[in-house]
Amino acid sequence: MCGVYYACTVRMIGAALLNRLFMNQTLNISSTAYVGADVDIAANVHIGPGAAVYGPCRLESGVRIDANATIAAPPVLSNEQQEAPGICVIGENVIVGAGAVIFPGITVNAGAVIAPATLVQRNVPPLAHVSGNPACIVG
């Protein structure tokens with residue numbers, strides 16, 4: 001089924017995301033990673049073991065998502081909330097550390113580094129290094 005665990009990565013991505021991928025892209029998606037159906041993936045992206053990327057989300061070129069990180073996990077909407085957050089954007093050459101969590105609708109701008117086990121609830125500026133729960137800029 002499209003949008004679930006990619007045991008045979010190249011074939012599943014080719015079938016599920018052909019309209020969003022170019023044939024000469026280098027992708028490294030672990031067989032134990034989860035990639036949702038509404039995720040756009042650019043070239044040279046690495047998604048580590050146990051990582052989960054839910055949609056709507058866009059991963060730009062050179063993104064590295066380490067083991068057990070979670071990107072744009074589906075929100076639990078209360079009765080007061082009628083609308084889900086917007087698209088999550090992970091900019092070019094961003095590194096997301098192991099076990100980090102990035103909330104839906106967040107933009108992590110180009111060159112940012114998210115430390116392991118960081119909880120990102122706000123947009124991250126370009127080239128920032130963030131760490132902690134909640135995330136704070138440390139460099």
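What is the accessible surface of the protein, and what percentage belongs to carbon and sulfur atoms?

Solution. The total is about 7,300 Å². Of this, 57% belongs to carbon and sulfur atoms. Areas follow the Shrake-Rupley method with a 1.4 Å probe, and for residues only the protein chains shown count as cover.

The model is predicted: local features need pLDDT of at least 70, side-chain atom pairs count only at pLDDT 80 or more, and totals for chains, interfaces and linings use all residues. Residues are numbered from 1 along each chain as its sequence is written, and side-chain values use heavy atoms, with hydrogens and water left out.

**Exercise 2.** Determine the strand order of the five-stranded open sheet and identify its edges.

Solution. Helices (H or I, at least four residues) and strands (E, at least two) are DSSP runs numbered from the N terminus; pairing requires at least two DSSP bridges between two strands. The order is E2-E5-E8-E11-E14, with parallel pairing. Strand E2 (34-35) and strand E14 (119-120) are the edges: each has a single partner strand, so one side of each lacks a neighbour in the sheet. Within the sheet, E5 (residues 52-53) and E8 (residues 70-71) pair in the parallel sense over two bridges. Valine 53 stands opposite isoleucine 71 in E8.

**Exercise 3.** Locate threonine 118 and classify its burial.

Solution. Threonine 118 lies in the loop between strand E13 (113-114) and E14. Its relative accessibility is 1%, so threonine 118 is buried (under 20% relative accessible area; exposed is over 50%, partly exposed in between; 1.4 Å probe, protein chains only). Beyond its neighbours within four places in sequence, threonine 118 has contacts (heavy atoms within 4.5 Å) with Ala100, Val101, Val130, Ser131, Gly132 and Ala135.
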